[in-house]
Amino acid sequence: MYHFFTETEFFTESEAVITGPDVNHIKNVLRMKPGEKLLLSDGKGTNCLCEITELFPDKVLAKILPEEVDDTELPVTVTLYQGLPKADKMEFIIQKCVELGVTKIVPVDTDRAVVKLDAKKEEAKRKRWYGISESAAKQSKRMIVPEVGNVMKFKAAIEAAALDDLAIIPYEGGMALTRELIGSLKPGQSLSIFIGPEGGFSDGEVELAMQSGVKPVTLGKRILRTETAGMFVMAAVGLLLE
């Protein structure tokens with residue numbers, strides 16, 4: 001079933017309105033007709049099964065059906081603090097971690113990050129990154145479109161993560177401790193995950209994280225690339241908590 005997002009204000013108890021680029025996609029690409037069903041979300045946690053009632057040049061009207069839609073979100077909110085990687089790896093990380101259930105992704109400027117973004121480049125990148133997040137959310141039937149935050153300095157990211165119930169960083173923790181930490185999270189709690197860039201975190205960054213209460217965990221016996229590490233943790237979160 002096709003999945004689309006629309007703004008919260010376009011929902012009523014019985015009807016929803018789809019606007020923007022999706023109108024052309026529904027009408028001219030998918031050639032959908034009145035009576036066909038689709039999944040509609042407001043990107044903030046509301047998911048509805050709908051039936052198209054009317055198609056206009058600038059909008060599509062849909063009737064909200066009474067059938068309940070499965071909750072596709074993880075029981076905890078997860079923020080991934082990702083050290084800025086090279087090339088287009090960030091796009092891959094966003095796509096796959098959104099599929100795995102991440103709530104928010106924050107690019108982090110670390111000591112060993114090769115990539116540096118000025119304000120103009122960052123704005124263009126974030127616009128593209130959000131589009132990738134939205135596309136992955138549609139594909140994986142998410143109820144939200146995960147946010148891609150502004151680039152943060154590592155110290156600021158550590159301070160932000162202090163507000164969460166648990167923050168972890170791959171370093172030297174044992175697998176039993178890793179399972180225990182992630183498995184201890186309760187529904188409604190929050191988790192922060194720190195993943196370094198290609199060169200990993202510097203000793204100073206790891207020391208700051210530990211001093212700030214970030215817990216060390218292991219990613220197993222193999223060395224993972226930066227674009228794999230976040231996915232490994234997200235998969236573990238899903239396995240242990242869902």
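This is a predicted model: local features need pLDDT of at least 70, side-chain atom pairs count only at pLDDT 80 or more; totals for chains, interfaces and linings use all residues.
Figure 1. Residues are numbered from 1 along each chain as its sequence is written, and side-chain values use heavy atoms, leaving out hydrogens and water. The chain has seven helices and 12 strands, which are DSSP runs numbered from the N terminus (helices are H or I, at least four residues; strands are E, at least two). With a radius of gyration of 20 Å, close to the 18 Å that the globule rule gives for 242 residues, the chain is as compact as a globular protein of that length. That radius is taken over C-alpha atoms, and the rule is 2.2 Å times the number of residues to the power 0.38.

**Figure 2. The five-stranded open sheet.** Its order is E1-E3-E4-E5-E2, with mixed pairing; two strands pair if DSSP finds at least two bridges between them. Strand E1 (3–5) and strand E2 (15–18) are the edges, each pairing on one side only. On average, neighbouring strands are turned by 40° against each other, direction ignored. Helix H1 packs on this sheet and touches E1, E2, E3, E4 and E5, its direction making about 155° with that of E1. Here a contact means heavy atoms within 4.5 Å, and axes are lines fitted to C-alpha atoms (for helices over the stretch in contact), with angles from 0 to 180 degrees between N-to-C directions. Zoom in on E4 (residues 47–55) and E5 (residues 60–64) and you'll find an antiparallel pair joined by five bridges. Glutamate 51 stands opposite lysine 63 in E5.

Figure 3. Aspartate 22 pairs with lysine 138, the closest N and O atoms being 3.2 Å apart. A salt bridge here is a side-chain nitrogen of Lys or Arg within 4 Å of a carboxyl oxygen of Asp or Glu. Since aspartate 22 sits in helix H1 and lysine 138 in helix H3, the pair ties together parts 116 residues apart in sequence. Aspartate 22 counts as buried, at 11% relative accessibility.

Figure 4. Lysine 89 and glutamate 198 meet through their side chains at 3.1 Å, N to O. Lysine 89 belongs to helix H2 and glutamate 198 to the loop between strand E11 (190–195) and helix H6 (203–211), so this pair ties together parts 109 residues apart in sequence. Both ends are partly exposed: lysine 89 at 22% and glutamate 198 at 32%. Lys89, Glu198 and Glu227 are linked in a network of salt bridges. Glutamate 91 also forms a salt bridge, with arginine 128, their closest N and O atoms being 2.7 Å apart.

**Figure 5. Two loop residues with positive phi.** Arginine 31 has a phi near 55°, a positive value in a residue other than glycine. Look for arginine 31 in the loop between helix H1 (21–29) and strand E3 (37–41), where its relative accessible area of 59% makes it exposed. Alanine 87, not a glycine either, has a positive phi of about 55°. Alanine 87 lies in the loop between strand E6 (77–83) and helix H2 (89–99) and is exposed at 66% relative accessibility.

Note on methods:
Buried means under 20% relative accessible area, exposed over 50%, partly exposed in between (1.4 Å probe, protein chains only).
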